[in-house]
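This report describes selected features of one protein chain. Please consult the sequence and the structure shown below while reading.

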Amino acid sequence: MLGQGKHPLVFLVILAAGAVMSGHAQSSAQRAEKDPAVLKPDAYRHYVEAFNRLDRETVTNQISNAASWDWMAKNVPLLDCPDKDLEEIYYFRWWTYRKHIKQTPDGFIVTEFLPAVPWSGKHNSINCPAGHHFYEGRWLHDPEYLDNYAVFWFRKGGEPRKYSFWAADSIYARSLVLGDYRLPKELLPDLIANYQEWEKSHLDASGLFWQNDGNDGMEVSIGGSGCRATINSYQYGDALAIARIAELNGQPDLARAWREKATALKQLVEAKLWDPQAEFFKVLPRGSSTLAGVRELHGFTPWYFNLPGPEKTVAWKQLMDSKGFFAPFGPTTAEQRNAGFAVAYSGHECQWNGPSWPYATAVTLTALANLLNNYSQDAVGKADYWKTFQGYLRSHRFRQIPPEGQSSGPDLNRSNEGAPRMERLETRQPWIDENLNPNNGDWIARTLLKQRRQAPDERGKDYNHSTFCDLVITGLIGLRPRADDTIEVNPLVPEGTWDYFCLDSVRYHGHAITILYDKSGTKYGKGKGLQILVDGRSVGRKDSLQRFSAKLP
């Protein structure tokens, strides 16, 4: 591995003349803006009108509720499918994402919480979910928001290392959708310097990176702090992204050095964090040679970056095991067979020792899509992706279900003395918050904070800490972003589950993309089967749901 301090290779970076300016957004926005090829935007307006009616707009940033539909009609891909719950939540998650787009004196940023929280940085920014922000927001038609946001982290007062953050990877992943690499190339010196600062502060004597579980965004975990699969996977992904950006920038020597760095870290992760008996990646406490005695959901993170070799895919058997991670409202953050597993209504409101977290579910589903696309294995299949996604979907409703007495868990009122007993409510209102009871869908942190009368009011409402739309686009529908001029589609919707779907008005490599499936050929009037349209013209068709690709014009 390269040294922990600054390496002379950093000075090989060729920085394009001038600062990063809004010209990126302007030139990218000049791509052909066409009407959707198949779907009519007004057919989905009713979802947003209902969201607005149900909402108490506690914080308004750049785009108000009143302006939300007009903004969405211009900025997000359209989805039509027979699962109307999924369709509704797809639009709901875009509706909540736009709430977090915030205009500041330093340009646009994307927030995690709507109300200000004391642990945030400049402009209420928090880097912990920023990787998710870039993956989700890469499908927005207007690139200015995330162009600004990327620059903010490194040049406008952001704190990119306050929490773990796969910065280079997520910025590069966004460029795979845009087909425009100027911004990551201009930020290459910053991305290298960011990585080197991680090496100075968080590189363990073992050669692995270490992190406190709280600064991993995963406080009160069973495995605890140490050399974790999370930060080491993020750093592997960042090193690989830096190598790829350097290649695009015409710097093969620099790219080679960073690929070697990534390869060395991959070998350490597989050698030191893999438990061959448990067949899972675990936490290695600093100064110890013994791995933590628990499987945790973040052990799937290496597949988010396609890090592990094929022999380790056996780990995925734990995802669907009810003694492992499977639960009706999303996978648990720790295996349920472990003695430390808990769904507690006392102590810290944000615990990672059992509750389901959308943040972790999104990482897991992205990793699972990579597994199903890039590995040959028999541990899990498309049906397991679908079932896991349905649990995640199911969680997106308002549920206030405080436990009643010892029969259903610790007595909430004894844990929060003097607080009134809360009414138990379940509604169909779309909702996203912090962490969930994996068995009944109660939003645990919200329940506790309400009981404790702890400000700010509705802290976690519309929480922007995970992806959903990106999972639909790259997973269920199966558009797999890539650097060349090929468009690749591999739907993970199991055959026979849907008779039709259409993803329309996708901006990809400067083109307007439509992906549709019509079993009978009568739904959309474009013929039977799976089809890709580029700028309104068919470039490929298959009779069934299967992987296929076509050249972009």
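## Pairing of β1 with β9

Leu79 has Leu503 as its bridge partner in β9. The structure is a predicted model, and in it β1 and strand β9 (residues 500–508) run antiparallel, joined by three bridges.

## The five-stranded sheet

The pairing of β1 with β9 belongs to an open sheet of five strands, whose order is β1-β9-β10-β11-β12. The pairing in this sheet is antiparallel. From one strand to the next, the twist averages 15°.

Strands of a sheet pair through backbone hydrogen bonds, in either a parallel or an antiparallel manner.

Two packed helices are described by the angle between their axes and the distance between the axes. For helix α3 (residues 65–75) and helix α4 (residues 84–99), the axes come within 10 Å and cross at roughly 120°. The crossing in which α3 passes α4 is right-handed. On the α3 side, the contact is made by Asn65, Ser68, Trp71 and Met72; on the α4 side, Tyr91, Trp94, Trp95, Arg98 and Lys99 take part. Sorted by class, the residues of this contact are five nonpolar, two polar and two charged.

## The largest pocket

The volume of the largest pocket is about 640 Å³. Its lining comprises 27 residues, and those nearest the centre of the pocket are Leu176, Arg244, Asn306, Asn370 and Pro481. Several helices contribute to this lining: α7 (167–178), α10 (229–248), α12 (358–374) and α16 (469–476) each supply at least two residues. In terms of class, the lining of the largest pocket contains twelve nonpolar, seven polar and eight charged residues.

## The second largest pocket

The second largest pocket has a volume of about 250 Å³. It is lined by 18 residues, with Glu112, Trp119, Glu219, Cys350 and Tyr463 closest to its centre. Nine residues of the lining of the second largest pocket are nonpolar, four are polar and five are charged.

Note on methods:
Residues are numbered from 1 along each chain as its sequence is written. This is a predicted model: local features need pLDDT of at least 70, side-chain atom pairs count only at pLDDT 80 or more; totals for chains, interfaces and linings use all residues. Side-chain values use heavy atoms; hydrogens and water are left out. Axes are lines fitted to C-alpha atoms, for helices over the stretch in contact, and angles run from 0 to 180 degrees between N-to-C directions. Helices (H or I, at least four residues) and strands (E, at least two) are DSSP runs, numbered from the N terminus. A crossing is left-handed if the near helix is turned anticlockwise from the far one by less than a right angle, and right-handed if clockwise. Contact means heavy atoms within 4.5 Å. Ala, Val, Leu, Ile, Met, Phe, Trp, Tyr, Cys and Pro count as nonpolar, Asp, Glu, Lys and Arg as charged, and the others, Gly among them, as polar. On a 1 Å grid over the protein atoms alone, a cavity is a set of points where a 1.4 Å probe fits but cannot get out, and a pocket is an open set with protein on both sides within 12 Å along at least five of seven lines; lining residues have an atom within 4 Å of a point. Grid points are joined across faces, edges and corners, and a volume is the space filled by probe spheres set on the points. Two strands pair if DSSP finds at least two bridges between them.
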